[in-house]
Amino acid sequence: MGTDDPVVGRAGAVGLAVALPVLLVVSWLVQLGVLLQASFGADETRPGPGGVLAGLLVGTLLAVGVPVVVIVVYVLKRRRQPRTSLAAVISAIVVLVVAVPLNTLGIAGQVGTVAEDARVRAQPATAAERHFAHREGGAEAALNRIGDRTVELLGSRRSEGFRSDGSPKGGAYSEPCLLDNRHEGLEWEYWFIAAELQDASGADLLPEGAATVPGGATDLAAVRAAWQAEGIGAERSAVGSEEQYEPRADWLASSSYARPGPTVVLRTICLER
C-alpha cells in the first residue's frame, strides 16, 4: 500500500474527535447536577453519599469509558487498515488527560465519604437518643405530662386553649429528623403560648395588655421544683425583665423554655423511633 493511499474513515473519526470533548462537558454537567442535588435538593430526593458516588461514576463512564472504547476500537482498526484516521484517537487521549485525574480525585474523595458514612451509620444511637426506648408512652407521653404540669403551675390548662379556628390545642407532635448516626428518628415539640390562643368562647386567652392569664403565676419556683422531680434542671435565661427558665436534660433541645403567661415550649433532640 503506497504512501499516497487516502486516509480511511476520516469523516467518522473527525466526528468522534468533536463529540468526545462535548461528551466530557456533558459528564461534568451530570456530576455537577448530582452534587447540587445532594447539597440543595429536597430531603426526599436528596441522594446520600452512595447516590452521589453513583452519579460521579456515571459521569466517569462518559468521560473516561467512552474515550477508552474509542481508542481500543481504533487501534484494532489500525491493525486491519493502517491508513485509518487517528483523529478520534488523538481527541480521546486529550480528553483522558483531562478527565482521568479529575475523576480519580473526585471518586477517591467520595469513596472516603461513603466509608465514613458507613462507619457513622454502624454506630448505635446515643444514650440521650435512646432515653425513651423502654419507657411506657415514650417521649410523647412524657412531654405532654411535663408540659401540662408546667402550664398548670403557671395558671392555665391545655384544655382551656383553642386555636384561632376553634380547634382544641393539641398535645405534643413529632417531626422526622436524623440521629447522630444518620438513621431516621423523631423530634417532639410541646407548646402552649397563651398569647396565641383563645378560650372556648373565642376570646383571647391572654387579656390585652396582661402579662399572664387571670390568676397566673409570675414566679417559676414551683415549675423548677416540678422539673427537678422529673430529673430536669433549670437555667435562667437573660430575656430582659421577664423571668424565663430553660429546662436542662440531655434529651431536651436547648431551645426549650418556659415563662409566665404561660408560655411553655418544650422540644426534644432527635430521638430513636
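## Helix packing and strand pairing in a predicted model

The crossing of helices H4 and H5 is right-handed, meaning that the near helix is turned clockwise from the far one by less than a right angle. The contact (heavy atoms within 4.5 Å) is made by Ile146, Arg149, Thr150 and Leu153 of H4 and by Ala222, Val223, Ala226 and Trp227 of H5. The axes of H4 (residues 138-153) and H5 (residues 221-229) come within 9 Å and cross at roughly 160°. The two helices are therefore roughly antiparallel to each other, a term for angles over 145 degrees.

This is a predicted model, in which local features need pLDDT of at least 70 and side-chain atom pairs count only at pLDDT 80 or more. Residues are numbered from 1 along each chain as its sequence is written.

Strand E6 (residues 263-267) has 4 of its 5 residues buried, that is, under 20% relative accessible area (1.4 Å probe, protein chains only). Its pairings are listed below; strands pair if DSSP finds at least two bridges between them.

E5 and E6 form a hairpin with 3 residues between them, and glycine 261 in the turn has a positive phi of about 155°.

Arginine 121 lies in helix H3 (residues 87-121). Beyond its neighbours within four places in sequence, arginine 121 is in contact with Asn181, Arg182 and His183. The C-alpha atoms of arginine 121 and histidine 183 are separated by 6.8 Å, although the residues are 62 apart along the chain.

Conventions
Heavy atoms only, no water. Axes fitted to C-alpha atoms, helices over the stretch in contact; angles between N-to-C directions. Parallel < 35°, antiparallel > 145°, perpendicular 65-115°, else oblique. Buried < 20%, exposed > 50% of the residue type's maximum accessible area, 1.4 Å probe, protein only.
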